[in-house]
Amino acid sequence: MSDNDGAIERSTGAGSGEGSAGTALIVPGESALTAPIVVRNDLWTSAEGAAYDSGRESGVAHLAELAASDVSRRDDARWSGMLEVIPARADVVLDLLRANSLWPLLSGLACCAIEMMSAATSKNDMDRWGMFPFRASPRQADVLIVAGTLTTKMAGPLVRLWEQMPEPKWCVAMGDCTCSGGRYKRSYSTIEGIDRVMPVDVYIPGCPPRPEGLIYGMMKLQQLVKDRRGQWADRAIGPTVPPGV
Amino acid sequence: MTTTAGPHQHASADDPRVMLDDQIGAFEPIPPYPPRTEREAEFYTLGDGEMFLNMGPQHPSTHGVLRVVLKLDGEKVVDLDPVLGYLHRGVEKLCENADYHQVISQVDPLEYISSLFCEWSPVMAFEKLLDVEVPRRAEYIRVLSGELNRIASHALFMGWFALDLGGLTPILWSFIERDEIVEMLAALTGQRMLFNYFRIGGVNGDLNHDFMSRLGDWMSRATGQIESNLTLLNENEIFVRRARGLGVIDTETALSMCMSGPNLRATGSPFDVRRAHPYSIYPELDFDIPTRSEGDSLARYLLRMEEIKQSLRIIDQCLHQMPDSPIMAKLPRLLRPRPGRAYAAIEGPRGQYATYAISDGTDQPFRMRIHDPSFIHLQSVGLLMKNNLIADTMAVMASLDPVMGGVDK
């Protein structure tokens, strides 16, 4: 137990290499993604020494380790690793299932969040098309609806939320502010379109879009998920302006 | 976006890239820079058996992107430190670079639940600068649409407050009311949320048939519908016993914390800008200022529900007394007010909205300061949440009804 009084401490990459030695997970070097988050228990000790795994530190397998290893290196969310034996046709079926149970993340940034909630409540019930259960944790969500102006201060936390979501995941930019900057394009503190910091699958313009607009965008996303048929191109981050324009 | 691993280096607090580049530090309770004030140094020093808990900026019940660092002793909140600025859009600066008509569209998304009130106070300030008289019909339309917006805002408050106390059904019911009202206002203004309807010297459009038929349809059953909504909560013993005595504040403290609106009236002080500093046509209308004496979360909730009924009375009078006149004063396209200063305050659903505008004779405001009640009310959460349980802190905050768009501007 260290004398460090910080509740959360990030261990070095060498420690995580030891923790996952002998398993299928290979952690290449030290990086922000591979270093696991180790929550040290400095505040509380158990009365009985033998309780809780005899006081041994358990190996922490962070999801980011899995993402950085070769096992799930591909960003196409197909069956991977030992499950490669399942025929590729299974991907099509899985995509059909995913498209009809999209779980958005409950993260509203600004004005559009109210219309997002309106789309989920009584009058326009998104649940009818299988896109309702708003999850409060990014670990349980697979669609990030960015609803509202993204400021420079919020960009870091939002990208972290996006990184915490497990694959397969999709991003919907709701509203003018997230598509292009909208009415705050000239402001000193906003980001002109979230595609500068994360890949975007569906853009929904409007300031704010009506709930019907959001539902239409989510139906487009469902179509996108179904149509990819197990294939998924690399999604670029940054302004995606074609060359020569 | 690349991340950097390793221990935090002490960056300057003025460096705007601190939160953007240092993604790992974004959710750590302790800021990556040394304490800047005595208060910060005192707060970020842990006592015996205390711990920090970070809440937000992504949290389902912080009403937007508020981040609160709680200092806990067990499950009791010892102290807390709100971290603002996650929705700072630089509205005041944008207003200085927009001409007087464009300002209306910039201030709209401040309090996005009650946008008409955000437009109302700048428009009134500019009218004082320009010395124009608003036609009476325009004033009636302003009051009519504003009170509708107040009802929509209070209806949403009912749902959110119950949601933060653990009840899911009221928000489904309150969104029915809200959707009906905003559809009605969309027929009048063309937009559901950010109406951009008030103009300097009047309003954008006259009452139309679509709006009036929707309004008449809704008014015929509004009272009954709101009463039935209230039976969900007012007679719910779990809700009432939980909200009673939670976050009590007395009148002196509330006034010293600059509270206004329903939060102040729930402590017993009958201050309402519509009566204290009358504006528009409110002196001609007959309505009561409800007050309560308890000053707790339940009183703040019940007071807002009373205000819904008063707003219905005002709407009824507006419809019956609506005069016939133009809806816009005659003004040139390019407005150049004389150099001077103007201040205009109105009573919004959250309290006193005010605008202080300085003109230097050009077509753009030299400086515009927006006084927003959400920001003012948020400064008293430290007082109200202290010594409460974690589960009650968000309920106390919801009872103050802040909107982060207005807090961060």
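# A chat about a predicted two-chain model

User: Which residues of α5(A) are buried?

Analyst: In this predicted model, the buried residues of α5(A) are A:Cys112, A:Ala113, A:Ile114, A:Glu115, A:Met116, A:Met117, A:Ser118, A:Ala119 and A:Ala120. Nine of the nine residues of α5(A) are buried, so the helix is largely enclosed by the rest of the structure.

User: What covers the buried residues of α5(A)?

Analyst: The cover includes β3 (143-147), β4 (170-174) and α8 of chain A, and together with these there is α7 (169-189) of chain B.

User: Is A:Gly108 buried or exposed, and why?

Analyst: A:Gly108 is buried because 24 other C-beta atoms lie within 10 Å, and the cut-off for calling a residue buried is 20 or more.

User: Which residues does A:Gly108 touch?

Analyst: Leaving aside residues up to four places away in sequence, A:Gly108 touches A:Ala113, A:Met116, A:Ala147, A:Gly148 and B:Gly64. Among these, A:Ala113 and A:Met116 are buried residues of α5(A). As for a distance along the chain, A:Gly108 and A:Thr121 are 13 residues apart, and their C-alpha atoms are separated by 15 Å.

User: Where is the cis peptide bond involving A:Pro208?

Analyst: The cis bond is the one from A:Cys207 to A:Pro208, with omega near -10°. A:Pro208 itself lies in the loop between β5 (202-204) and α8 (211-227) of chain A.

User: Switching to chain B, how many residues of α16 are buried?

Analyst: Nine of the eleven residues of helix α16 (residues 390-400) of chain B are buried, so this helix is largely enclosed by the rest of the structure. Those buried residues include B:Asp392, B:Met394, B:Val396 and B:Leu400.

User: What covers them?

Analyst: The elements covering the buried residues of α16(B) include β3 (76-83), α6 (136-164), α11 (262-265), α13 (297-321), α14 (373-378) and α15 (381-385) of chain B. Just after α16(B) comes B:Asp401, which takes a positive phi of about 60°.

User: What is phi at B:Ser280 and at B:Lys409?

Analyst: B:Ser280 has phi near 50°, a positive value in a residue other than glycine, and B:Lys409 has a positive phi of about 55° although it is not a glycine. B:Ser280 is placed in the loop between α12 (273-276) and α13 of chain B, whereas B:Lys409 lies in the segment after α17 (404-408) of chain B.

User: Are those two buried or exposed?

Analyst: B:Ser280 counts as partly exposed because it has 19 C-beta neighbours inside 10 Å, while B:Lys409 is buried, with 20 other C-beta atoms within 10 Å.

User: What is the strand order in the three-strand sheet of chain B?

Analyst: The order is β1-β2-β3 (chain B) in an open sheet with antiparallel pairing. The edge strands are β1 (50-55) and β3 of chain B, each of which pairs on one side only, and the twist averages 20° from one strand to the next. β1(B) pairs with strand β2 (residues 67-73) of chain B over six bridges, and B:Glu50 stands opposite B:Asp73 in β2(B).

User: How is chain B divided into domains?

Analyst: Chain B is divided into domain 1 (18-83) and domain 2 (91-408), and 31 Å separate the centres of the two, taken over C-alpha atoms. In the contact between them, 13 residues of domain 1 of chain B meet 18 residues of domain 2 of chain B.

User: Which element gives the most to the side of domain 1 that touches domain 2?

Analyst: β3(B) gives the most, with five residues. By class, that side of domain 1 of chain B has seven nonpolar, three polar and three charged residues.

Terms used: Residues numbered from 1 in each chain as written. Chains lettered and ligands numbered in written order. Predicted model: local features only at pLDDT ≥ 70, side-chain atom pairs only at ≥ 80, totals over all residues. Buried ≥ 20, exposed ≤ 12 C-beta atoms within 10 Å, placed from the backbone. Contact = placed C-beta atoms within 7 Å. Helix = DSSP H or I, 4+ residues; strand = E, 2+ residues; numbered from the N terminus. Pairing = 2+ DSSP bridges. Axes fitted to C-alpha atoms, helices over the stretch in contact; angles between N-to-C directions. Domains from an automatic or database assignment. Nonpolar A, V, L, I, M, F, W, Y, C, P; charged D, E, K, R; others polar.
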